[in-house]
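Welcome! Here is a short tour for anyone meeting this protein for the first time. Take a look at the picture, and then we will walk through it piece by piece.

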Amino acid sequence: CHAKGASFFNDTDMTIIDIGGQDTKAISYKNGIVEDFIMNDKCSAGTGKFLEVMANRLGVGLDEMFDLARTGKDVKISSMCTVFAETEIISLIGKGTPKEDIACGVINSIINKVKTLVHRLPATDYYFLTGGFSGNDYMTEHLSELLSATVETNENARFAGAIGAAVLAR
């Protein structure tokens, strides 16, 4: 459904990146079909829920967390588990680490997880971001930077899964 939805916006060979609430996917789409896909295999780490939990721990909303991250310096968040990462955040807060730095570290940890997923698929020149963070400039800019390629999206890409399901049902 996500591949069909992404191809609705631009029907070309691509890697689709979907950062959803409960999972993160990288999908290789070539010649009109899904060639391969990989999903995160560790709880909610690297997902929208992970970001939501971390924003709550920082006492900010998601939009504010992205705004903070823009001015922060990267702090390494090493845990792959949401519960342990939350413990790391509490420790960083206790040490007086600025919220901006923590926000930057949290978002960079997700982007690094996405990079790992994407690099397990065949190489591509075109990336398309779907899911709830597809409308977030900070996310697309930093994914582009880390992947050394432009990551494109569409204002309605957050609905790619639903659009793809509708196209397939039609």
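Predicted model: local features only at pLDDT ≥ 70, side-chain atom pairs only at ≥ 80, totals over all residues.

## The parts list

The protein chain holds seven helices and five strands. Here helices (H or I, at least four residues) and strands (E, at least two) are DSSP runs, numbered from the N terminus. Read from the N terminus, the elements follow one another as α-β-β-β-α-α-α-α-β-α-β-α.

Residues are numbered from 1 along each chain as its sequence is written, and side-chain values use heavy atoms, with hydrogens and water left out.

## How confident is the model?

The predictor's confidence in each residue is called pLDDT and runs from 0 to 100. For the protein chain the average is 90, and 96% of the residues score at least 70.

## Overall shape

With 170 residues, a compact globule would have a radius of gyration near 15 Å, and the 16 Å of the protein chain agrees with that. This radius is taken over C-alpha atoms, and the globule rule is 2.2 Å times the number of residues to the power 0.38. Along its principal axes, the C-alpha trace spans about 55 × 30 × 25 Å.

Buried residues make up 49% of the 170 residues; buried means under 20% relative accessible area, exposed means over 50%, and partly exposed is in between (1.4 Å probe, protein chains only). A contact means heavy atoms within 4.5 Å. Among contacts in the protein chain with a separation of 6 or more, 69% join residues 24 or more positions apart.

## The sheet

Five strands form an open sheet with mixed pairing, in the order S3-S2-S1-S4-S5. Two strands count as paired if DSSP finds at least two bridges between them. Strand S3 (33–39) and strand S5 (151–152) stand at the edges with a single partner strand each, so one side of each is left without a neighbour in the sheet. Helix H5 (residues 99–118) packs on the sheet and touches S1, strand S2 (24–30), S3 and S4. The direction of H5 makes about 145° with that of S1; such axes are lines fitted to C-alpha atoms, for helices over the stretch in contact, and angles run from 0 to 180 degrees between N-to-C directions.

Strand S1 (residues 14–19) pairs with strand S4 (residues 127–131) in the parallel sense over five bridges. Ile 16 stands opposite Phe 128 in S4, and Gly 131 in S4 is the bridge partner of Ile 19. S4 also pairs with S5 in the parallel sense, over two bridges, with Tyr 127 opposite Val 151 in S5. Are the faces of S4 covered or open? Both are covered: Tyr 127, Leu 129 and Gly 131 on one side and Phe 128 and Thr 130 on the other are all buried.

Ser 28 lies in strand S2 and is buried, with a relative accessible area of 5%. Leaving out residues up to four places away in sequence, Ser 28 touches several others, including Met 14, Val 34 and Leu 121.

Tyr 29 is found in strand S2 and is buried, with a relative accessible area of 5%. Beyond its neighbours within four places in sequence, Tyr 29 is in contact with Ala 3, Ser 7 and Ile 16, among others. Tyr 29 and Pro 122 are 93 residues apart along the chain, with 9.9 Å between their C-alpha atoms.

## Exposed loop residues

Most residues other than glycine have a negative phi. Asn 31, in the loop between S2 and S3, has a positive phi near 50° and is exposed, with a relative accessible area of 65%. Ser 148 sits in the loop between helix H6 (137–147) and S5; its phi is positive, near 55°, and at 67% relative accessibility Ser 148 counts as exposed.

Lys 95 belongs to the loop between H4 and H5 and counts as exposed at 65% relative accessibility. Lys 95 and Leu 129 are 34 residues apart along the chain, and their C-alpha atoms are separated by 35 Å.
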